[in-house]
Amino acid sequence: MICSAVEPAQIDASCRLPLVVLFLSAAVWLLIGSAFALIASLKFHAPGFLADCAWLTYGRVRPAGLNCMLYGFCLPAGLGVALWLLARLGRTRLALPGLITVGALCWNLGVAAGVWGILAGAGTGFENLEMPSYAAWLMLLGYLMSVVWGALTFHQRRERQLFVSQWFLFAALFWFPWIYSTADLLLLTVRVRGMAQAVIAWWYSENLLVVWLGLVGLGAVFYFLPKLTGRDLHSRYLALLAFWMLILFGSWGGVPESAPVPAWMPVSSAIARGLGFILIVAVVLNVHGTLEGKCSRLFAHPSLRFIGFGVVAFILGGLASAASAFPEVSQITQFTWFTVAKGVLNCYGFFAMVMFGAVYYIVPRVMGTEFPSPKLACAHFWTTAAGIVLFVVPLAAGGIAQGLRLQHASLPFNDVTHGTLPFLRTSTTGDLLIALGNLMFLGNLTGLVIRFYRARAVSAWAAATVEIEPAEARP
Amino acid sequence: MNYGPLVFLAAFFALASSWCGFVLTPQLQIGHLQQTNTVGGAGVAYPIARPGLARQGLDVYRANGCAYCHSQQVGQTGSVLDIALMDAGTNQAAIIAALFKLAESATNQPSALTMLTPLQPGASNATTESILAGLPKAFFRSTTREAANAAAKTLNSTSAKAQLWVVPVGPDLTRGWGRRRTVAEDYLYDAPVMPGSQRVGPDLANVGTRLPDANWHLAHLYAPRIEAKASTMPPYRFLFEKRKLGRRPSPDALSLPGDFSPGAGYEIVPKPAAKALAAYLISLRADAPLFDAPISVPAPAGAPASTNAPAVAGATSTNAPPTNPPAK
Amino acid sequence: MNPEPQPSLPLAAEAEPQAGRTAVPVWLIVLLFLILYWGMVYFDRNGGWFNEQVYAPYRSFQEVETWQPVTGQAGLAQQGKLVYNKPTCVACHQADGKGTPGQFPSLVQSEWVQEPEPGRIIRAVLYGISGPFQFKGQNFNGAMVPWKDALTDEEIAAVLTYVRQDPEWGNKAPEVKPERVKEVREKTKGRNQPFSQEELLKVSPAD
């Protein structure tokens, strides 16, 4: 049912400017964020490391790194991939790319102001929402500018039959402004009283990290997996089940087990996390069916390695989350490094890797130029994969050990903390490798963009300085 | 699902349902909380807003991200009843006999009743004076009200006065991080509320009861390794000022042990932010008896059982039920 | 507009992926409902049914009430509730305090109960009431049992405090102390007769 569909090359060309801005800025923020994370990790080797500078104290540099990662990389990269996918799947050009670019720049301004604010001590104190309100509203404005035209692109689609990914991505377009504006209004602007603040902050956090990242990540996975293996997605209905499970129950899972709130809140969250198991199973069945069990298909295309890693990380993180539905498990893992490991597995291991895979596929098509070094892309994969494993596994193990020891009240607290130090120090290698991988990614992407614009400049110069035939020069 | 607006509506209703559940309902239930009265005592208002300096300290706590290493929420896994003797009465022999009888049944049936301090007839600590010293004191612990009532009745059948104390239990509480779990009322006047999600450092919900000395906190902030030899807490020296010693040392100057002292002719003076943070930390306490988190506040030693003297909200008794000594 | 650079990629047949129509396996649907059932059971047991005063580890409002400390002055009302339901007063005045019209007067929103000074009602509980009695426009002609021998001063003080202060009944009056009951008992020593309405009205509540 393709009536007057636009050529893919034209769609890609229409996406070029906004995607360059979004992806390049995302890569820069990713590197900055991993640098902050590395500084924070090094402080566990020597607590006095950079401790005399108020701007680099652990309590500021850690949220700065997290926010750079989330708001500087995850959201813009996700938005870029979503916009491109919506345009491609709708067989239509991206609507008003210039305004989307302005929105992206506004967003980046907000992120910069926010990170500056956090380091200067103006952090809000709410986890995953540390950016002060002036930055938050600026970022929301930038996002809305991009999203309105994304929705318009969706509306103007020539291909009326919706592919699976389009549900996920279209829902994601609206999800973030709703949750972000609610959280900003009720926590930063017109503050609610008492513990209600914490519940709303947990609700927002879960909606961002589980639902939004899940919607965009799964939307990308369900597109790239069939596309790059050349097969059909196994089941539309399984994807539909995954979609409903994610949006209905994903947003309820935020309240932790021992929270100082009435009992029904942590219990509801536990039940929602338990239901996340169905989401995992649906995704596993779909992926398995698409690959028809042959994991070797994952090596058909360089991007597929990233996507495959992301899917495995999603499954592991989802299983860990579903396990925390049981109070026996969550009593051990709460307040430990296990929750951090789970968060990084979801944010980095799943979402960032899927985004890397997507960017490695999209950008050459959008720019019409190949990456300067495919070997660097391969090195990026192995470095980042090793980094994530070296970060997540020690922290998860350390967290479980920490949690088990915290249950024994006779063990002095200092001993418990010291028991986690070897694991933390091992995870610094993971941080280092991840930062290195991000540097490679930025380098490759910058190289491609420079190559593109240089080729353009060269051809423009050539067109401007073409030799005029004497016959034409006659006045 | 081929229709765009249908996807939008699905997303909208899904988010609206969780919004109603976790934004609207908490606001109605705990966002509208007012001051409440403590129970089990004279019913004083709780919580009380923090004094000004402590309120500024909350800002310093937030700005420096202390919540990324310290949690401020204490959990509880259950409640037990302690059978406490308030008054030995006139017939000491009878009460001692009753105590030994209960001790025997506790040895035989540890699931119903447990002894808090071992009571063996004929043992070295079994003299009347040592047993009845320091009343009111809890002797037995029970997990069910029937067993507790039966034990109290045995003790009350002599001329003594026994009472049941509600005691919350859990790993956090045994560690000395609090006497009961934290509930929403404890955070009523905090903005922002920072319950924390990591325990790289100990929980701080009741640090004001454990460490009520501002000087300790200031020294700890300046150099955490004074107190804990290999602490992972970073030193917050930027909250302090190194000043040349004047004619007389400043009244605020920290007294630091040899390794950490600033050297001859210098003194370390806390900046206003450090003093505010210390005041905030001292103000952290969450052990007032509330309806949602019932706990007995035992009367101080020597006072008659049914006293009309108001119990100060959150006051720790000089004869708290025996627990492990509070760990840092 | 600058000319587009020559694409270095072949424009392959850019067919977008399709989704197959395999059905969701039945066992997954069954698993979904099993987890939903587990969730419902778990919520029923531990959720406190959305009550904002129920915190873990307590599982219901009743459980929180059971664990309230019953000591000290504020515990007087809770003790009083236990005394009221022993059964002592509940047999006639009912658990909700509303009594039976024509037989036993309601204690809810009763001006007798809510008098600032409890002198009259202490006498009523100690010695009982007999004879015709008018109460909120209703006529009663029963007899109230004297409790001076069955209940101690503390118990009478507790039950009167409960009746005068229970929020569910809406009565708001100061508590009654055991010493006050003792005082009244001393003052009326030797009396064996229940009070009638005229006698009760003659007594000043502050007495």
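Predicted model: local features only at pLDDT ≥ 70, side-chain atom pairs only at ≥ 80, totals over all residues.
What percentage of the 328 residues in chain B do buried residues make up? The answer is 49%.

Chain B has nine helices and eight strands. Consider the contacts in chain B with a separation of 6 or more: residues 24 or more positions apart account for 77% of them.

Now turn to a sheet in chain B. Four strands build an open sheet, in the order β4-β5-β3-β6. The pairing is antiparallel. Strands of a sheet pair through backbone hydrogen bonds, either parallel or antiparallel. At the edges of this sheet in chain B stand β4 (113-115) and β6 (161-169). Each has a single partner strand, so one side of each is left without a neighbour in the sheet. From one strand to the next, the twist averages 35 degrees.

One pairing in chain B can be followed residue by residue. Strand β3 (residues 78-87) of chain B pairs with strand β5 (residues 137-142) of chain B over five bridges, in the antiparallel sense. B:D82 has B:R141 in β5(B) as its bridge partner.

Two helices lie across strands of chain B. Helix α3 (residues 92-108) of chain B lies across β4 and β5 of chain B. It runs at about 115 degrees to β4(B). Helix α5 (residues 145-156) of chain B lies across β3, β4, β5 and β6 of chain B. Its direction is at about 5 degrees to β3(B).

Next comes the side of chain B that touches chain A. Here 60 residues of chain B are in contact with 66 residues of chain A. Three helices of chain B each supply at least two residues of that side: α1 (4-29), α2 (52-63) and α6 (171-174). Among the elements of chain B, α1(B) gives the most, with 15 residues. By class, this side of chain B has 36 nonpolar, 18 polar and six charged residues.

Look at one residue of helix α1 of chain B, B:Q27.

Chain A has a helix pair to examine. Helix α2 (residues 58-89) of chain A packs with helix α11 (residues 337-367) of chain A at an angle of about 45 degrees. Their axes are 10 Å apart. The angle makes α2(A) and α11(A) oblique to each other. Their crossing is left-handed. From α2(A), the contact uses A:M69, A:F73, A:C74, A:A77, A:G78, A:V81 and A:W84. From α11(A) come A:C347, A:F351, A:A352, A:M355, A:A358, A:V359 and A:I362. The residues of this contact of α2(A) with α11(A) divide into 13 nonpolar, one polar and no charged.

The axes of helix α6 (residues 153-165) of chain C and helix α7 (residues 178-187) of chain C come within 8 Å. They cross at roughly 115 degrees. The crossing of α6(C) and α7(C) is right-handed. On the α6(C) side stand C:D153, C:E154, C:I156 and C:A157. They meet C:P178, C:R180, C:V181, C:K182 and C:R185 in α7(C). What classes of residue make up the contact of α6(C) with α7(C)? This contact has four nonpolar, no polar and five charged residues.

Methods
Residues numbered from 1 in each chain as written. Chains lettered and ligands numbered in written order. Axes fitted to C-alpha atoms, helices over the stretch in contact; angles between N-to-C directions. Parallel < 35°, antiparallel > 145°, perpendicular 65-115°, else oblique. Left-handed = near helix turned anticlockwise from the far one by under 90°. Contact = placed C-beta atoms within 7 Å. Nonpolar A, V, L, I, M, F, W, Y, C, P; charged D, E, K, R; others polar. Buried ≥ 20, exposed ≤ 12 C-beta atoms within 10 Å, placed from the backbone. Pairing = 2+ DSSP bridges.
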